[in-house]
Structure formats: structure tokens, C-alpha cells
Amino acid sequence: MTTRLKNILFPLLLFIHFCVSAQRDTLISFQHKTFNVNVQIKYPSTKVKGTILLLHGYNLPYMQWCDKTDFCTQALKNGYSLIIPDFGKSTYQEKFYPQTNSIYKIYPTRKWMRDTVIAVIQKQFNLLVKGQNNFVLGL
């Protein structure tokens with residue numbers, strides 16, 4: 001192979017590899033009844049070691065983990081993907097009961113999160129899959 005051909009092919013192959021393997025931060029949206037759920041997915045710039053699902057506290061900004069602490073910066077730096085959903089005022093209950101205050105019923109339950117959000121993330125992004133290093137952190 002000539003030097004000229006190597007000089008053309010190597011950068012081209014490197015570019016193609018980068019385009020195929022690079023993961024970009026992503027925002028996906030889901031509709032839960034009348035409540036819109038945005039989910040931010042952040043990828044590290046290094047090889048992925050695991051995934052952390054960050055659940056915000058009741059009625060707190062969903063990006064507070066990243067905006068108010070260095071947790072996201074450190075996790076990404078150490079090779080962890082982050083999944084940061086905005087569940088509004090959800091208390092992450094498993095299901096609703098007849099005596100549940102109706103104001104909470106517009107927000108997602110854990111069951112909906114598993115069956116909808118996590119199922120899509122597993123299928124479309126290959127994250128939070130059984131056998132991977134998955135973690136949940138919540139307030």
C-alpha cells in the first residue's frame with residue numbers, strides 16, 4: 001500500500017469508526033397521561049463502565065444532580081452513562097390506591113417507568129440491560 005493511500009485511508013477509517021461508535025447525549029420524551037416525561041441520556045467520552053439512573057427528589061429540578069453537584073461530571077469522567085428522567089412530583093410509587101391523592105395520579109409510577117421508559121432505553125440504547133453494571137441513585 002502506498003504512503004499516499006495510507007494517508008487517505010487511515011483518517012477515513014478513523015472518521016468512520018468515530019461516527020459508528022460515538023454516542024451522543026440524547027433527550028427523549030414520553031407522554032404519561034397528561035404529563036410529558038423528558039429523559040436525558042448522557043454518555044462518557046471514554047468506554048462505558050456502567051449506567052446510573054438518577055432519580056430526582058419530589059418537585060425538584062431533574063437536572064439538579066448535574067447542576068448543583070459534581071456527581072455527573074465525576075460519573076461521566078469515570079466512564080458511566082447517566083439516565084436522568086424528569087418525573088415531576090412523582091413519589092415513585094409502585095401503583096395507585098383508591099385513597100391516593102388525585103394530584104399524584106398524573107405522575108408516573110415505578111411500574112410505568114419500568115414498562116415504558118426503561119424498556120425503550122434497553123431496546124433502543126442498549127442501556128440498563130440485565131448483566132450490565134446498572135445503578136440507581138435517588139433522593
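Biologist: Which hand does the disulfide of Cys66 and Cys72 have?
Modeller: The disulfide is left-handed, because the torsion about the S-S bond of Cys66 and Cys72 is about -75°. Its S to S distance is 2.0 Å; a disulfide here is a pair of cysteine sulfur atoms within 2.5 Å. By that rule the count comes to one disulfide. Before we go on: this is a predicted model, where local features need pLDDT of at least 70, side-chain atom pairs count only at pLDDT 80 or more, and totals for chains, interfaces and linings use all residues. Residues are numbered from 1 along each chain as its sequence is written, and side-chain values use heavy atoms, with hydrogens and water left out.

Biologist: Good to know. Are Cys66 and Cys72 buried or exposed?
Modeller: Both Cys66 and Cys72 are buried. Buried means under 20% relative accessible area, exposed means over 50%, and partly exposed is in between, with a 1.4 Å probe and protein chains only.

Biologist: And how much of the chain counts as buried?
Modeller: Of its 139 residues, 34% count as buried. The chain exposes about 9,100 Å², and carbon and sulfur atoms supply 58% of that; the areas come from the Shrake-Rupley method with a 1.4 Å probe, and for residues only the protein chains shown count as cover.

Biologist: What pattern does the chain follow along the sequence?
Modeller: The pattern reads α-β-β-β-α-α-β-α-β, with four helices and five strands. Helices (H or I, at least four residues) and strands (E, at least two) are DSSP runs, numbered from the N terminus.

Biologist: Let's talk strands. Which way do β2 and β4 pair?
Modeller: β2 and β4 pair in the antiparallel sense over four bridges, and Lys42 has Leu82 of β4 as its bridge partner. Strands count as paired if DSSP finds at least two bridges between them. β3 and β4, on the other hand, run parallel and are joined by four bridges. There, Thr51 has Ser81 in β4 as its bridge partner.

Biologist: Is β4 mostly covered or mostly open?
Modeller: Mostly covered: five of the six residues in β4 are buried.

Biologist: Back to Thr51, then. What is Thr51 in contact with?
Modeller: Leaving aside neighbours within four places in sequence, the contacts of Thr51 include Tyr80, Ser81, Ile83, Leu127 and Phe135. Contact means heavy atoms within 4.5 Å. Thr51 lies in strand β3 and counts as buried because its relative accessibility is 1%.

Biologist: Changing topic: how many aromatic pairs does a search of the whole structure find?
Modeller: Seven aromatic pairs turn up in the whole structure. Rings of Phe, Tyr and Trp (its six-membered ring) pair if their centres lie within 6.5 Å; planes under 30 degrees apart count as stacked, over 60 as edge-to-face and the rest as tilted. Take Phe35 and Tyr107: their ring centres are 4.9 Å apart and their planes are at 70°, so that pair is edge-to-face.

Biologist: Where do Phe35 and Tyr107 sit?
Modeller: Phe35 is in strand β2 (residues 35-42), while Tyr107 is in the loop between β4 (80-85) and α4 (110-125), and the two are 72 residues apart. Phe35 counts as buried at 15% relative accessibility, and Tyr107 counts as buried at 11%.

Biologist: What about Tyr80 and Phe135?
Modeller: Tyr80 and Phe135 form an edge-to-face pair too, at 6.2 Å centre to centre and 70° between the planes. Tyr80 lies in β4 and Phe135 in β5 (residues 134-138), so the pair ties together parts 55 residues apart in sequence. Tyr80 is partly exposed at 23%, and Phe135 is partly exposed at 40%.

Biologist: Which residues do ring pairs link into a cluster?
Modeller: Phe30, Phe87, Tyr92 and Trp112. Trp112 is also one of the buried residues of α4.

Biologist: Ah, α4! Where is its kink centred?
Modeller: On Ile118, with a kink of about 30°. The bend at a residue is the angle between axes fitted to the seven residues ending there and the seven starting there.

Biologist: And what do the buried residues of α4 pack against?
Modeller: They pack against β1 (26-32), β2, β3 (50-55) and β4. Just after α4, Asn126 takes a positive phi of about 55°.
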